Amino acid sequence: MKLDVLGHEAYAYTGGKTFDAGLPCIVFVHGALHDHSPWTLLARWFAHHGHSVLAVDLPGHSRSAGAPLADVQRTADWLLALLDAAGVQQAALVGHSMGSLIALEAAARAPQRASRLVMIGTAYPMKVSEALLNTARETPLKAIDMVNAFSISSISAKPSFPGPGMWLHGSNRTLMRRTQALAAQRLGINLFAHDFAVCDAYAGGLQAAAAVRCPVNFILGERDQMTTPKTTREIAAALKARVVTLPAGHSLMAEAPDGVLQALRDALTG
Amino acid sequence: MAGSSDPGFDTLALHAGAAPDPATGARALPIYLSTSFVFENSEHAASLFNMERSGHVYSRLSNPTTAVLEERVAALEGGSGAIATASGQAALHLAICTIAGAGSHIVASAALYGGSHNLLAYTLARFGITTTFVKPGDIDGWRAAIRPETRLLFGETLGNPGLDVLDIPTVSAIAHDAGLPLLVDSTFTTPWLMKPFEHGADLVFHSATKFLSGHGTVIGGVLVDSGGFDWDAAHEKHGRFSELSQPYDGFHGMVFSEESSVGAFLLRARREGLRDFGACMSPHTAWLILQGIETLPLRMARHVENTRRIVAFLAAHAMVARVGYPELEGHPSHALAKRLLPRGCGSVFSFDLKGSRRQGQAFIEALKIFSHLANVGDCRSLVIHPASTTHSRMDDAALASAGIAPGMIRLSIGLEDADDLIDDLKRALKSAEKAA
């Protein structure tokens, strides 16, 4: 569905059902250079099991208009404004990678509006190497290939996502290239470099953790090379998070869709 | 296998999509010869049917063995995913019918495999899908043939029978300017010789019966999507492809482009085309094709090496009027071949024997290693004389208008010792000479 958020059109996938603000709401927030589509299986499941869902495209990403926001804090404000636009008072916030930082910051800025916080494929600080930042600035397509290879831990993840016959390395690379190309075409920006700089610059994680009031869950990939599980210890402790580790890399929703679903069911309904 | 870059082609040919079987530890891929797959419980069943989970339900829609083939071909092509079909023809039909219907129009190369030409010129026309054929090198012709109701452009990487190289960068640019995808039949080249997506194509299909399988044992096809075509933008600008960007009543009102930004085409093709037309691949067939793909890089290198030796032999022979191989300087597609097919132009080509139709028959009958049959892309060398077989009902004038000389011979060069193949051809050419 389309919403007006801070003067720009924003898109949110609603799981194949008409959005009902009266149901318990789950908001899914994607990572760098992605859009709502890595969430669709999970979003459909929860939408058909008693929840309303909003799997958003962040500003400047795929179907949402406007420029990408400058940092995690401003994007968290946008997310809270999106809840206002959708008529949602309180929601479970679920984020992947960059999106997990946005969800964390939103849960800290408006603790009363976050019923649960789930951070998937996360790390704090989410530092990006200078070499990768430079590659992202200068040769973004090469950087996309590097990140794609680092993100997926297997060449045989089954049953594949969103269905059999999909080649995860190819579909993830194409999604990143597409999101990058759309932003370049509409906004004239290097979205890859922007998103990775946003992750790298975020320094408010521990401060935000102190403000979060809801139960927190982490879902991590044991083979994750982008946000390695060991880089979550301090923030997990600060948030008193329950940690679930799955046999996957950084692209958890694609590599282990059933495992993430079970972990989310435990986190959101347990 | 995660690292700083994706595995190389040869590694993907062996491993993409497969791992030791988690249930048994079997290292080689098991053949899951099962029509259907047990649900864990009612909720699991419902969520599979409603696309809330990924998994296998019924082997017409997907199968664990067939899915490995689909992932592997997608990996080799650099695509987002693939669907295996009962034949190459079924793959072409599935590609077209996913985005076209009655009233739709196709612009296609005139240099097509006969079966594809029949489908477009006669069979689909009965169902209201019409085609305009253009010479593959007529760039203005491609552009001029596009109409508001056009849904795709279509050609072969190496056209039949003259091996015209499709100028994929130029034709895809024309397609994209008009908000249309380019579909390419890549059977003759395989991804080892060319990856059409790298040159701008949007959809690729193979008759996997040929080089992908390589052993002449099974019939199959694979349809691959790059995932890069923006169906929503084309719908917004031109009103096309509502099949992908608007709710589909036949599957829970699903809007496929919302479900997957890069997999919309394949989702609809599987959930409508495979489901309803049913031209699926048997898992046994998929397994045999995978056996072939494991050695694709080795076989294609040898196919091309043998072909180059035989092309050189024939081009210098007194009984040969013409050899149609794009690596030869006189071929109309020579410059394009150098640019798009630097590894070689495959191993299927034709040459014109000097003399009559009867001499052509004498040549065929004298061959001992080459098998006279209607197929290409086998590990064994194959031959056919169109004037006395596939085009035998045509008189010489009709043959000429189809670009087929009475003495034209089509060869598919296999993996035998090149010296033995050359000896076989020498003997047959001598017989043809004597039959004058």
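A: Happy to. In this predicted model, chain B has an open sheet of five strands, arranged in the order E8-E9-E12-E11-E10 with mixed pairing. Its edges are strand E8 (320-324) and strand E10 (371-372) of chain B, each of which pairs on one side only. Strands of a sheet pair through backbone hydrogen bonds, in either a parallel or an antiparallel sense. For E8(B) and strand E9 (residues 348-353) of chain B, the sense is antiparallel, over four bridges. Within that pair, B:Arg322 stands opposite B:Asp352 in E9(B).

Now to what packs here. Helix H14 (residues 296-315) of chain B lies across E8 and E9 of chain B, and runs at about 150 degrees to E8(B).

The buried residues of H14(B) include B:Met300, B:His303, B:Val304, B:Thr307, B:Ile310, B:Val311 and B:Leu314. An α-helix has 3.6 residues a turn, so residues three or four places apart point the same way. B:Leu296, B:Pro297, B:Arg299 and B:Asn306 are also buried in H14(B).

As for their partners, the buried residues of H14(B) pack against E8 and E9 of chain B, and also against helix H1 (9-15), helix H8 (190-193), helix H13 (283-293) and helix H18 (418-434) of chain B.

Note on methods:
Residues are numbered from 1 along each chain as its sequence is written. Chains are lettered from A and ligands numbered from 1 in the order in which they are written. This is a predicted model: local features need pLDDT of at least 70, side-chain atom pairs count only at pLDDT 80 or more; totals for chains, interfaces and linings use all residues. Two strands pair if DSSP finds at least two bridges between them. Helices (H or I, at least four residues) and strands (E, at least two) are DSSP runs, numbered from the N terminus. Two residues are in contact if their C-beta atoms, placed from the backbone, lie within 7 Å. Axes are lines fitted to C-alpha atoms, for helices over the stretch in contact, and angles run from 0 to 180 degrees between N-to-C directions. A residue is buried if 20 or more other C-beta atoms lie within 10 Å of its own, exposed if 12 or fewer, and partly exposed in between; C-beta atoms are placed from the backbone.
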